[in-house]
Amino acid sequence: MSPAPTAESQASPLPRLAHLALPFFDDRHRSLAHDLDRWAVDALAGLDHHDNDAACRGLVRILGAAGWLRHCVPAAWGGASEQLDSRALVVCRETLARHEGLADFAFAMQGLGSGPISLAGSPALRARWLPAVARGDSIAAFALSEPDAGSDVAAMACRARDDGSHWVLDGEKTWISNGGIADFYCVFARADEPEGGRGTRGICAFVVPAGTPGLTVAERIETIAPHPLARLRFTDCRVPQDHLLGEVGSGFKLAMQTLDIFRASVAAAALGFARRALDEALVQARGRRMLGATLADLQLTQATLGDMATDIDAAALLTYRAAWQRDVLGGRTTRSAAMAKLVATESAQQVIDRALQLHGGRGVQVGSMVERLYREIRALRIYEGASEVQRLIVGRDLLAAATP
Ligand code: COS
């Protein structure tokens with residue numbers, strides 16, 4: 001039996017990128033999207049998902065060799081622009097996610113995992129890791145969450161002790177993307193003992209190279225859309241003093257600043273998945289016959305497609321605004337990034353669910369594109385701050401702004 005037509009096999013290149021004809025972007029962003037989209041058609045076709053570690057390593061390598069990972073680090077260390085360019089990150093993630101979720105993951109983690117070094121690393125740490133991240137020679141990871149401190153970062157228990165010559169880390173980190181395959185981890189741990197065990201002031205950030213004695217992978221974690229993920233254990237894990245990122249106690253703010261940049265890019269990945277779902281839904285609607293017509297002839301289908309496109313555009317405007325605000329207006333973009341992540345991930349879930357419904361039985365068949373998208377999107381409503389956290393951040397920010 002010949003495979004069902006997919007949006008990929010029927011895509012014409014130009015309308016695919018028409019959504020970037022907006023004032024938020026410069027021509028260089030549009031060119032980037034166009035070039036990456038063309039590259040992805042061949043480079044990502046037929047990716048073998050059987051061994052995710054190998055697939056991920058391979059993706060980092062080819063993304064690096066093709067120059068796309070240069071958008072994950074600043075220019076002074078092999079990057080594409082002076083500072084991390086939020087719109088470039090958004091364009092890359094949206095485009096990659098539309099083609100292949102694991103490629104988006106591999107790209108995103110190079111940025112998030114090295115983000116604290118880009119923002120606060122010493123010249124030596126930057127020179128050691130960032131060019132290698134941009135080339136795809138080193139794999140990065142961001143180790144913030146703990147078994148009992150996911151949304152509530154200030155409740156972290158992982159300890160950092162200064163023994164005079166080294167920082168000594170003890171504790172656990174979990175749900176760490178690239179855990180087990182990363183070459184280094186940006187790890188957050190507390191150097192204080194706050195009353196009640198909760199506080200933000202003593203949190204520090206460190207670079208811990210893989211292979212450092214005392215750092216072990218305690219467990220590999222399987223998820224519904226598999227990617228390398230692990231729980232890490234630190235036992236008397238000693239890193240040199242100069243592996244500290246920024247000042248003692250600046251780790252919480254550094255984590256939040258990193259997330260402020262990358263949350264808008266999570267929104268972009270959700271957009272990429274949603275756009276792919278709409279592409280697939282359009283192919284299905286035009287091709288599938290029922291009740292003596294095509295699905296597309298039915299008003300119910302037309303209304304569904306209308307809802308999907310409208311939700312995507314609304315999410316896109318929030319996402320692009322957040323990235324533009326950071327690049328062009330500067331300052332803190334916590335609120336707009338949170339709004340973008342909240343709306344784009346929640347609405348992408350709905351868009352993909354509608355696409356799956358239009359596919360009927362084929363939609364739940366393992367291996368179909370919409371089935372994959374259905375699994376891919378779910379974690380985005382949780383990682384880098386669950387939807388509930390984004391709502392809380394927006395609400396708090398509103399209240400703070402309204403306080404005389
Ligand atoms: N940028 C810079 N500084 C920030 C900041 C940001 N985005 N957000 C908070 N801060 C600062 C605050 O201004 C405050 O500074 P002062 O102590 O100088 O006043 C300090 O950090 C503490 O902030 P706050 O009181 O808001 O801390 P909370 O513990 O209440 O924060 C939330 C709670 C839920 C907002 C935080 O823990 C969070 O974002 N959690 C989600 C974490 C996440 O995304 N996890 C996923 C892991 S990566 S997959």
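Predicted model: local features only at pLDDT ≥ 70, side-chain atom pairs only at ≥ 80, totals over all residues.
1. The ligand shell. There are 24 residues around the ligand, and those that come nearest are S151, R201, K253, D260 and R263. Sorted by class, this shell holds 9 nonpolar, 7 polar and 8 charged residues.

2. Where the shell comes from. Helix α8, which spans residues 251-287, and helix α12, which spans residues 387-402, each supply at least two residues of the shell around the ligand. The largest share, 7 residues, is that of α8.

3. For E384 the atom concerned belongs to the backbone, being an N or O atom that lies 3.5 Å from an oxygen atom of the ligand. Of the 1,000 Å² of accessible area that the ligand has on its own, the protein covers 77%.

4. The nonpolar core. The largest nonpolar core comprises 116 residues, and I117, L169, F206 and V208 are the ones with the most contacts inside it. Helix α8 gives the most to this core, with 19 residues, and α8 is also the source of the largest share of the ligand shell. As a general background, nonpolar side chains in soluble globular proteins tend to be buried together.

5. The surroundings of L169. When neighbours within four places in sequence are left aside, L169 is in contact with F206 and V208, and also with R159, A160, V187, A189, F234, T235, D236 and C237. F206 and V208 are, like L169, named among the residues with the most contacts inside the core.

6. A80. This residue is found in the loop that runs between α4 (52-65) and α5 (86-99). A80 counts as partly exposed because its relative accessibility is 33%, and the range for that class runs between 20% and 50%. Beyond residues up to four places away in sequence, A80 touches R70, H71, V73 and A75. Its C-alpha atom is separated by 22 Å from that of A337, a residue 257 residues apart from A80 along the chain.

7. D353. This residue lies in helix α10, which covers residues 334-359. With a relative accessibility of 32%, D353 counts as partly exposed. D353 and G150 are 203 residues apart in sequence, and their C-alpha atoms are 27 Å apart in space.

Key. Residues numbered from 1 in each chain as written. Heavy atoms only, no water. Near = heavy atom within 4 Å. Polar contact = N/O pair within 3.5 Å; in protein donor to acceptor, adjacent residues only side chain to side chain. Areas by Shrake-Rupley, 256 points an atom, 1.4 Å probe, with all protein chains shown as cover. Helix = DSSP H or I, 4+ residues; strand = E, 2+ residues; numbered from the N terminus. Nonpolar A, V, L, I, M, F, W, Y, C, P; charged D, E, K, R; others polar. Core = buried A, V, L, I, M, F, W, Y, C linked by side-chain atoms within 4.5 Å. Buried < 20%, exposed > 50% of the residue type's maximum accessible area, 1.4 Å probe, protein only. Contact = heavy atoms within 4.5 Å.
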